[in-house]
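Colleague: Please show me the model first. I will then ask about it piece by piece.

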Amino acid sequence: MTPEKMAAAESTIAMRLEQFQDRWTSTGANSGITQIKEKPTPAQLRQYELFKEFDDTFLEKISPDISIARWQKDAILFEEGTYVDLAFYVISGQVKVYSGGQTEEKILDKPIFDAGRTGAIILEKTEKPKAGAPLQGTVLLNMVEDQLKKVRQKSSEIKFLATIGVNVAFGNEATLSSGDVFGEIGALIGWPQVVTAKTMSECEIIQIRVPALRQMKRKSEALKNRIDKIYKERLLLAQLRGTPLFQKCDQNFLQSLKDRMELVSFESGEPITAEGEPAEWLYMVRSGFVRLAQKFGSGEIVTTYLSKGMTLGEVELLIGHTGGWVFTASSVEHTELVKISRTDFEELIRRFPPAEKLLWDSAVTRIKESGYSRRNIQHSEFVSTALEQGLVEGSSILVIDLDECTRCDDCVRACAATHDDIPRFVREGNKYNNLLITRACYHCQDPVCLIGCPTGAIRRARVGSVVEILPDLCIGCKTCANNCPYDAITMFETGQTWPNNMIPEGLRGKPRLVATKCNLCYDTGHGPACVSNCPHGCAYRVGSVEQFQSLVSKKKEA
Amino acid sequence: MISDFVKSPRWFWMFVFTTVFFVVSYAAIWIFDEVTPGNFWGLTFGIIATVLFVAVALYGIRRRTMKTSSKLKLGNSNTWLQIHLYGGTLFLLLMFLHTAFRLPQSAFNWWLWFLSVWVVVSGLVGVLLQKVIPQLLSSALTIEIRTDRIDELVNELRGQAEAEVAHSPAAIRDYYQRTIAADMAKPILRPAFFKDITGGIQTKVRQMDYLKQFLADDDQKRLDNLEMIYRCKLECDAHYTLQKPLRLWLMAHLPVSIVLFTLVLMHLFIVFYY
């Protein structure tokens, strides 16, 4: 290795060693931690209520994803609007959580993703809530919306991935102390935090990364109930109020409904309902996707899919004698739902006629979709493709129209030129109707690539749905690349080797790999270079299945 | 509808309007006065043609400075390409107006005239190729592959085919050696793909369907696998054949454009210095 390369490696390592301690913070840049103990022993963990029920083997297994940190006073654990893949358990000290604490100047200093060029990110129209009022958006998102209005006139077409309100209303705060858990819901669901958390005194906090949290939730019924209970108490009400179905219902009714609702989760491919079986529940999707299919000849056709906020069961419960479930529903990935019994459902529609109208609208749409799919198998095929190829999951998918693409590779070259000569995607992938769905990062709504990163190098960027990799923190373990279902993360050889003081020790002397992926050029001040540098205008960023479908329709018309 | 034929109707209509404007202007001038390359009218057309030529040439610089162009927000490549295409065509018209549709008198001017025509015509041929070939490629091929990866994929496919054949009965082995092995060796240029992108592949694999009826069930599966690999290889050939002109065409356009640029500079120097 040349002396220059060696020096570069040493400097990278110095930076990495410094940052290594920060992987347990939310942003990787903050350093409020004064002391950290990684991989605590089962005995140490079992001192705390949260871990008491687990056996040694299990605790040993999840311990790499747990740390005990001592935070100094006035340190920011995470900020409102950021994505955090950690849950926090307070051992000692006090943590203040509050909403609406960021100043405008602070926000404007940060890179704002220019969605105006792609139309991929669509911002919900939200009004700034008054202090004490239920929270609809977040301060950060409102600020970003203001920013985006400047770069794009049609702001109504822009929508941010939804965030939700909490019981800490705008301008208010709450204090958490020993035994309290927070951050777990955002971490588990992959949504941005709606509050800022700040230490009020020196605190000792157990930090649990998502992989460990998921395993703990699966293993322990009590913990699952506890997390569900916290979720119900803190978020469900706000989430219900945010869905069209329950928007008009009064507070008292929603409170009572919330208590009777059951939270259920399903793993990928697990059946939720079976066509023909008695239907006694109304389901609403909290996160993930549900595939709806119907028998058709000897097989079945996929009629549609449900995403966050959509309901299942209204056809059966409203019409009544449908002979059980009209659809076979199964989860496409890890999916969280709430279910409401027939009795509660009947009370809901009796007390709130607007809800009944909405459910009828939804039922009619569902029946129409079913009929359409039966008449038009291509539509069913499209829905299946959208589910199989992850189009439902992505928030910004790079699609190339192959009827116009001259294979000049300017998109890839532009990507490389923007990112230090390392292209972050290849012009390959699946085809649908002569549209190439490239292997560029989809920026999934539920990014599985975040799971298991040992250093926290891969994370949600500060704004929007962008998932990014911090090269200085990446140790090239390939976990994210292996997790990505769409092969959108590639490993790049830097030509350096890890020096002998490297942590973890296993890497010492080995070649240094870095994971790379598309970050939508969000930190460059311009939109995705692949799109703006396509000379034939045949590269598109698609933000939803509907956008993809309209692209397909346009092509068919042409 | 015009939008069925051109990517951006707005640019097209602007081009038509400008063309009509210059032609009508020329006709009006021609009625009342004479146009020669050296008089006021001829020089005016010549200067506009030169400015247009420089503007058109900037597209090449835009393509080679992607990072800076994106950073400076100099517009989408697509807009630049439209300027390049329509501006380039307009340049040729203005060149004819500049020379008043007369043929050149000196060798130097012949070169200027000939290279201008060559550059614009080769550019239009490129546009035609870029319209036709992508549609051919996407019309029937199931795989999409980058030119630089074709060799690698063909090698991989050959390895797979040989592994499949190694465990097959003599009938398949013989058939492979006699009919397919040579095709699997390397990417092959097959002009037939220009004529019919599906015909070449279907004809080639039809023999396999015939052979299949004489084989046992397991061997039929092996032949199916072999057919799949062979189809994939033939699709690679289709990409290899069709993507080649998309790249080679530029060789006929770009270097000549650079020579023309130099000659135009010399022409300007000669005209204004002397």
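**Sheets, helices and chains**

Colleague: How many bridges join strand β4 (residues 86-92) of chain A to β7(A)?

Modeller: β4(A) and β7(A) run antiparallel. Two strands pair if DSSP finds at least two bridges between them. A:Tyr89 stands opposite A:Val181 in β7(A). The number of bridges joining β4(A) to β7(A) is two.

Colleague: What kind of model is this, and from which number are residues counted along each chain?

Modeller: This is a predicted model: local features need pLDDT of at least 70, side-chain atom pairs count only at pLDDT 80 or more, and totals for chains, interfaces and linings use all residues. Chains are lettered from A and ligands numbered from 1 in the order in which they are written, while residues along each chain, as its sequence is written, are numbered from 1.

Colleague: How many helices and strands are in chain A?

Modeller: Both are DSSP runs numbered from the N terminus: helices are H or I with at least four residues, strands are E with at least two. By that count chain A has 17 helices and 25 strands.

Colleague: Which strands are the edge strands of the five-stranded sheet?

Modeller: The sheet is open, with antiparallel pairing and the order β1-β2-β9-β4-β7 in chain A. An edge strand here pairs on one side only. That holds for β1 (33-38) and β7 (181-182) of chain A.

Colleague: At what angle does helix α7 (residues 210-219) of chain A run to β9(A)?

Modeller: α7(A) lies across β2 (66-71), β4 and β9 (203-209) of chain A. Angles run from 0 to 180 degrees between N-to-C directions, and axes are lines fitted to C-alpha atoms, for helices over the stretch in contact. Relative to β9(A), α7(A) runs at about 80°.

Colleague: Which residue of β6(A) is the bridge partner of A:Val97?

Modeller: β5 (residues 95-98) and β6 (residues 173-176) of chain A pair in the antiparallel sense over four bridges. In β6(A), the partner of A:Val97 is A:Ala174.

Colleague: Which residues make up the covered face of β5(A)?

Modeller: In a regular strand the side chains alternate between the two faces of the sheet. The uncovered face of β5(A) has A:Lys96 and A:Tyr98. The covered face has A:Val95 and A:Val97.

Colleague: Which element gives the most to the side of chain A that touches chain B?

Modeller: Contact needs C-beta atoms, placed from the backbone, within 7 Å. By that test 26 residues of chain A meet 21 residues of chain B. The elements giving two or more residues on the chain A side are α14 (410-418) and α16 (529-532). With five residues, the one that gives the most is α14(A).

Colleague: Are α7(B) and α10(B) roughly parallel or roughly antiparallel?

Modeller: The axes of α7 (residues 170-184) and α10 (residues 217-273) of chain B come within 11 Å and cross at roughly 10°. Angles under 35 degrees count as roughly parallel, over 145 as roughly antiparallel, 65 to 115 as roughly perpendicular and the rest as oblique. α7(B) and α10(B) are therefore roughly parallel.

Colleague: And α9(B) with α10(B), parallel or antiparallel?

Modeller: α9 (residues 199-212) of chain B packs on α10(B) with axes 10 Å apart, at about 170°. The contact includes B:Val205 and B:Met208 of α9(B) and B:Leu223 and B:Tyr230 of α10(B). The two helices are therefore roughly antiparallel.

Colleague: Is B:Asp217 buried or exposed?

Modeller: B:Asp217 lies in α10(B). Buried takes 20 or more other C-beta atoms within 10 Å of the residue's own, exposed 12 or fewer, partly exposed in between, with C-beta atoms placed from the backbone. B:Asp217 has 6, so it is exposed.

Colleague: How far apart are the C-alpha centres of the two domains of chain B?

Modeller: Domain bounds come from an automatic or database domain assignment. It gives domain 1 (2-130 + 250-273) and domain 2 (147-246). Their C-alpha centres are separated by 46 Å.

Terms used
Two residues are in contact if their C-beta atoms, placed from the backbone, lie within 7 Å.
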